[in-house]
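Here is a short briefing on one protein chain. Look at the structure first, then work through the points by topic.

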Amino acid sequence: MRPVFGLSVATLAAAALLAGCASNNPAAEAEAEAARVAAEIAARTPPPIALNQGVAEAAAVYRAFSRDMAALEGGFTNPDQIQAALRRGAAYDPGQISRGLVAYASILALQSPEFVAGVRSLAGDRTTRERLVADIVADPDLASTLPGADAAAGLVMTTLSADIDALSRAANSIENDAYAIQARYDPRRSWGVAEVPNREGRLEAAKVSSAQSMLPPAAEASRLFAAAHSGGDALPISGAPRKPPYPPAVVNALALAALAALGYAGENARANTDALQFDRVSQGCLSMSKLNLFQCLAASRPNYEDMFCIGRHIVRDLATCSRGAAMPAPIVTVSDVIPTDPPPPAPKPIIITPVPPPAVSPPAPASPPPPRPAPSITEKLNTEPGRAAAR
């Protein structure tokens, strides 16, 4: 992956030749010295920015498709319009759109003069450049730490966020229209609730078109290719710097842009640029979206349900997958509650002194029974022995 620096080699050769012929010739000596200085400067100067045409074409595919889907909106006036929108939206390969997302992000990163200049400032000579390139290829995360990476990431994430928001608005418009057409007062209800003709055929056509590669728009690819080599500020974008960590798609985009800024992402470096365009998150998400679209179309019967499939599983899923790959996940933190007023003093404890039970006096001794009175005469007569028997 070493580009050939023809100018530097030629300059060094010329300097050596002139030095050999400069003995006893002041003019030749001056010319030889000038050639030597020019050769040293050339050796310390990084090669021009280089990004191969394949990256620009991949970026053009993503940009054109995303813009086309964001232009869709509700308000369909007949079933043919719905099927035309379905054919447009279903005709994409998930892997191609995923790679295009990273490619487009890398060209956005190259619009940061701070990043381009910062990366190039680290390449003092060819040996240093090649060592830095090897380190980035081995660990793409390294590009996130290079000078100006926060400025480049800000451009990438701000621009992609605006595109994603446009897709979300289009999805809302289409899905809401699918609900509105079912209302009794909607004049489109008569055909909106009618069954989709040739349901099996339109499902099969969607599957076939999904397996075909999209051709990049030539004008868009040319515009992005020129912007990538401009050194910055060629596209009308802006965004505040963003600090790391970055999502994987942004990390790979920064790495790809860094290689381009060093002059090592040209046509002879497609192996590295192709590898950096792979993003597992967006590719997996878009592949699952395609399966959901096919299931939605298989179950859909009335025309308004096809409208919903377009809004939910084409336009909204494109926004969702792009956001998940290129935007940071929200972080929710819970902090301690800080009272506005000082807390009331704690109540003083109430001390209850136990009261001892009253002393129990021993029971008073029982008084002796009163003396039995003397029996009367009649009682004596009835108790005397033999008296009862005598009666």
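**The second largest pocket**

About 200 Å³ of space lies in the second largest pocket. Of the 13 residues that line this pocket, G54, E57, A58, R99 and Q277 are the closest to its centre. Keep in mind that this is a predicted model.

- Which helix gives the largest share of the lining of the second largest pocket? Helix 3 does, with 5 residues.
- Helix 3, helix 5 (94-109) and helix 13 (270-276) each supply at least two residues of that lining.
- By type, the lining of the second largest pocket divides into 4 nonpolar, 5 polar and 4 charged residues.

**Salt bridges: the overview**

- How many salt bridges does a search of the whole structure find? The search finds 14.
- Some of the charged residues form a network: salt bridges link R67, E220 and R223.

**R88 and D68**

- R88 and D68 form a salt bridge, and their closest N and O atoms are 2.4 Å apart.
- This pair links distant parts of the chain, with R88 in helix 4 (residues 79-90) and D68 in helix 3 (residues 53-70), 20 residues apart.
- R88 has a relative accessible area of 37%, so R88 is partly exposed.
- D68 also has a class: at 28% relative accessibility, D68 counts as partly exposed.

**D150 and K243**

- A salt bridge joins D150 to K243, with the closest N and O atoms 3.4 Å apart.
- Here too, distant parts of the chain are linked: D150 is in helix 8 (residues 149-180), and K243 is in the loop between helix 11 (218-228) and helix 12 (248-261), 93 residues apart.
- Is K243 buried or exposed? K243 is exposed, because its relative accessible area is 63% and the cut-off for exposed is over 50%.
- D150 is partly exposed, with a relative accessible area of 23%.

**R323 and D165**

- The side chains of R323 and D165 meet in a salt bridge, at 3.2 Å from N to O.
- The two residues are 158 residues apart and link distant parts of the chain: R323 sits in helix 15 (residues 303-326), D165 in helix 8.
- R323 has 33% relative accessibility, so R323 counts as partly exposed.
- D165 is partly exposed, with a relative accessible area of 32%.

**The nonpolar core**

- In soluble globular proteins, nonpolar side chains tend to be buried together.
- The largest nonpolar core in this model has 91 residues.
- Which residues have the most contacts inside that core? They are L51, F115, L160 and L254.
- Leaving out residues up to four places away in sequence, L254 touches A109, F115, A143, S144, A149, A152, A153 and Y246.

**A buried serine**

- S282 is placed in helix 14 (residues 280-299).
- Is S282 buried or exposed? S282 counts as buried, because its relative accessibility is 1% and the cut-off for buried is under 20%.
- What does S282 touch, not counting residues up to four places away in sequence? S282 touches S98, L101, C321 and A325.

How values were computed:
Residues numbered from 1 in each chain as written. Predicted model: local features only at pLDDT ≥ 70, side-chain atom pairs only at ≥ 80, totals over all residues. Heavy atoms only, no water. Helix = DSSP H or I, 4+ residues; strand = E, 2+ residues; numbered from the N terminus. Buried < 20%, exposed > 50% of the residue type's maximum accessible area, 1.4 Å probe, protein only. Contact = heavy atoms within 4.5 Å. Salt bridge = Lys/Arg side-chain N within 4 Å of Asp/Glu carboxyl O. Core = buried A, V, L, I, M, F, W, Y, C linked by side-chain atoms within 4.5 Å. 1 Å grid on protein atoms, 1.4 Å probe; cavity = no way out; pocket = protein on both sides within 12 Å on 5 of 7 lines; lining within 4 Å. Points joined across faces, edges and corners; volume = space filled by probe spheres on them. Nonpolar A, V, L, I, M, F, W, Y, C, P; charged D, E, K, R; others polar.
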